[in-house]
Amino acid sequence: MTGRFGACIVAAILALSLAGAALAGDAAKGEALAKGCSCHKKGDLNGRPEADLLAKMQAYKAGQGPNKAMVTIMKKVADADLPDLAAYYAGLEAVKK
């Protein structure tokens, strides 16, 4: 486990423990928020576990993760909107590859 990856995991676990009940997001609100997420229209996030999506978004928002563009984008998203985005993508049918 690399240092960065380990830091992301620790940050995600801490964020999830703080999120608690906030994990259950509003998928309808998330759908409206996702309209600006043109990179993910291919379905690469569809059907993934909500908790995993939320943890990844929170890590990016904290400045952690390999994709600098996602770090920049997620820093602009309100903390309260992250569970909604996660709920939306988790509720979509997974794309078969």
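The model is predicted, so local features need pLDDT of at least 70 and side-chain atom pairs count only at pLDDT 80 or more, while totals for chains, interfaces and linings use all residues. Residues are numbered from 1 along each chain as its sequence is written, and side-chain values use heavy atoms, with hydrogens and water left out.

**Overall picture**

There are 5 helices and 0 strands here, and from the N terminus the order reads α-α-α-α-α. Helices (H or I, at least four residues) and strands (E, at least two) are DSSP runs, numbered from the N terminus. Of the 97 residues in the chain, 32% are buried; that word stands for under 20% relative accessible area, with exposed over 50% and partly exposed in between (1.4 Å probe, protein chains only).

Helix H3 covers residues 50-61, and its 12 residues should span 16 Å at 1.5 Å a residue; the end C-alpha atoms are 16 Å apart, which agrees. That expected span is 1.5 Å times one less than the number of residues. Buried residues in H3 are Leu53, Leu54, Ala55, Met57, Gln58, Ala59 and Tyr60. Just after the helix, Gly63 has a positive phi of about 90°.

Nonpolar side chains tend to be buried together in soluble globular proteins. Leaving aside residues up to four places away in sequence, Tyr89 touches Ala34, Cys37, His40, Leu45, Asn46, Gly47, Arg48 and Leu53.

**Salt bridges**

How many salt bridges does a search of the whole structure find? The search turns up 3, each one a side-chain nitrogen of Lys or Arg within 4 Å of a carboxyl oxygen of Asp or Glu.

| Pair | Closest N and O atoms |
|---|---|
| Asp81 and Lys29 | 3.2 Å |
| Lys29 and Asp84 | 3.7 Å |
| Asp79 and Lys61 | 3.7 Å |

Take Asp81 and Lys29, which form a salt bridge: Asp81 sits in the loop between helix H4 (68-75) and helix H5 (82-91), and Lys29 in helix H2 (residues 27-34), 52 residues apart. Asp81 counts as buried at 15% relative accessibility, whereas Lys29, at 39%, is partly exposed.

Lys29 also pairs with Asp84; Lys29 lies in H2 and Asp84 in H5, so this bridge ties together parts 55 residues apart in sequence. Asp84 is buried, with a relative accessible area of 8%.

Asp79 pairs with Lys61, linking the loop between H4 and H5 to helix H3 across 18 residues. Asp79 counts as exposed at 56% relative accessibility. Through shared partners, salt bridges join Lys29, Asp81 and Asp84 into one network.

Key. Contact means heavy atoms within 4.5 Å.
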